[in-house]
Structures are given as structure tokens and as C-alpha cells.
Amino acid sequence: MSDTHATGPTHRLLPSPAGRIHLVEQGSGPLVLLVHGFPESWYSWRHQLPALAAAGYRAVAVDVRGYGRSSRPDAVDAYGMRHLVEDNATVVRALGERTAVVVGHDWGSAIAANSALLRPEVFRAVGLLSVPYAPRGGPRPSEVFTRLGGPEEEFYVSYFQRPGRAEAEIEPDVRGWLAGIYAALSAETMPAPGAPDPHFLGRGGRLRDRFPAGRLPSWLTERDLDFYAEEFERTGMAGALARYRSMDRDWEDLAEYDGAPITQPSLFVGGAQDASTTWLADAIEAYPTTLPGLVASHVLQGCGHWIQQERPQEVNALLIDWLATLPT
């Protein structure tokens, strides 16, 4: 076991194809790369960094391209999945390593899965939090999301895909909007069953109209919210939202991987009250085919979307137990 975790996390800027990647590193040992989702940052892994370091791993949490102190290209084309995979591989090389375990949450889960799929020689195992692996396939994504909304409502992904719309809602009150979405998708503060679904908005309305107001989930302190808000107030939202605006291009760029399984050792952890887990139940059921190397799959009862922040001790234990099964 390493004792370097006692020195605390270290911030670094590394060269990347887009310019730079900011990361936070703690511990020594086999490399575990942690990839966040939307709307988050490296800080989403604040509970995992010291735990993994204490367990004998070199834990590295990145700011994904478009977020935080990492580079934020202007062109939406710069946020395609292949670019994000290459960012991850570049980080591994720049840290002096040949291989890594990659773990992702939310959009980071998709980035981690594709990192393992496209660069198996670099990423020897993959952990997926909240969003199950579903191989590329089916109709063009934008067509699917348009159908989900119907005549009276619009699905949040469609809303995010049009440049400028979500920015106009979020950027005048970043802190309030973030507080709302974190509460809306947390198990203890999400809208009651039967209330309007916060993943949709009424035609002509705003996404935040359906967010709960006035109470933060217990996992999110005022200081935590300040950190997230300050990051997005400084960077704006366009870089983060560009991931949604790249989905159709990814569908085209990754056509050769249609239906492809991920064969490396894998882990899935989801929340029972997370729409990502319930809507994609068929993807979880397909794991014997799509994730033939699956070591363990867990669904945490009473847990929402922000899984490694809502239930850090459980997630840490599951990660560390899984990592211990992997060949070094």
C-alpha cells in the first residue's frame, strides 16, 4: 500500500492534441484514469482520489476537453469521441505509463467505454458508472431523441444539441441552474413520482422549470456547489455542451464498431433511481454479449445519478474490490 496519498492531490497540465489537459493526481501504483460527465469536473472524483491512492493506485482525474482548465476548442467537431479517446491515451503516455484502467461516469462512462473499445492496447480494463455500455447501432441519435419528446415536450438531449439555446438558460444563473440539476437527479431530492420529468421540457419552456428548488442534496455542500459554479462561470457552457452536439458525428465516425463488444475486464455500477439505469435496462441485460469480460454489475438501491458523490464509500469499495481482481 502506498502512503503517498498523505501528501494530497497534485494538479498538473499536460500537452494534448487540443492544447492542454488539466488533471489531478494522487497516489502511486497502477494507473486508474477517472473521467467525469456533464455538468461536472475532475472534482466529481474528490472522494475517489484519496481512497484509490490509499489502496495503492495512481489515481488521476481529468478535466475533459471543454471543461475546467483543459483546452476548450471553439469548433464542435473538436469534441468528437475519437478526439476524447485520444486525449485519454495521450494522458497515459504523458504520465509515463503504457496502460491504464479507465473509469467513467455519465458522459465519462461513454468516453471510458470507447477508450477501451478503440484503444485496447492502452486501456486494459474499464469501469462504467451510471450509464451502461450500449454498442453503436440503430438510427441516427438525433432522430431517436426527437421521437422521445413528442408533440408537447422536448427531450433534454435535443434541447442541448442546438447551439446557444441551453447556454441562454444556464449562463445568466450558473449556480442556480447547477443546484437545480444536481437536486433533480439525486435520489433524495428528485421530483416525486408522477411529477413532470426533469429530463424533458415543455415546448417553449426551460429545463429548469422542472428542477426542484430550495434544497441541496446532502452530498452537495455549498462549498462544492461554489466550486462547480465558479468553473462554469469562468468557462461558459459551450465546451461542455459540445459533447451532445457531436453525437450524430460520432454515429458516423464509429460505424465500423457497430455492435462491437468490449472484451476487457469491466465493472458497472448504477443507481436504482437513476433514469440512465432504468431507461437502459435492456443494455444491462445484454452485458453477457456486449461486455463479455464483465466482472461485476451492481445497482445501488436508493441512489440517483451522481453515484460516486451520492454514495462515495460504497462506490470506493466496489472500485477497489474490482481493481484487486485485475491482473497487474
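Strand β3 (residues 31–35) is largely enclosed by the rest of the structure, because five of its five residues are buried, where buried means under 20% relative accessible area with a 1.4 Å probe and protein chains only. The model is predicted, with local features needing pLDDT of at least 70, side-chain atom pairs counting only at pLDDT 80 or more, and totals for chains, interfaces and linings using all residues. Residues are numbered from 1 along each chain as its sequence is written, and side-chain values use heavy atoms, with hydrogens and water left out.

Helices (H or I, at least four residues) and strands (E, at least two) are DSSP runs numbered from the N terminus. On one side of β3 lie the buried L31, L33 and V35, and on the other the buried V32 and L34. β3 pairs in the parallel sense with strand β4 (residues 58–62) over five bridges, pairing requiring at least two DSSP bridges between the strands, and V35 has V62 of β4 as its bridge partner. With strand β5 (residues 100–105), β3 pairs in the parallel sense over four bridges, and V32 stands opposite V101 there.

In helix α7 (residues 174–184), nine of the 11 residues are buried, among them W177, L178 and Y182. The cover over these buried residues includes α5 (156–161), α6 (165–170) and α8 (222–235).

Leaving aside neighbours within four places in sequence, W177 is in contact (heavy atoms within 4.5 Å) with residues including F38, F160 and F211.

Terms used:
Buried means under 20% relative accessible area, exposed over 50%, partly exposed in between (1.4 Å probe, protein chains only).
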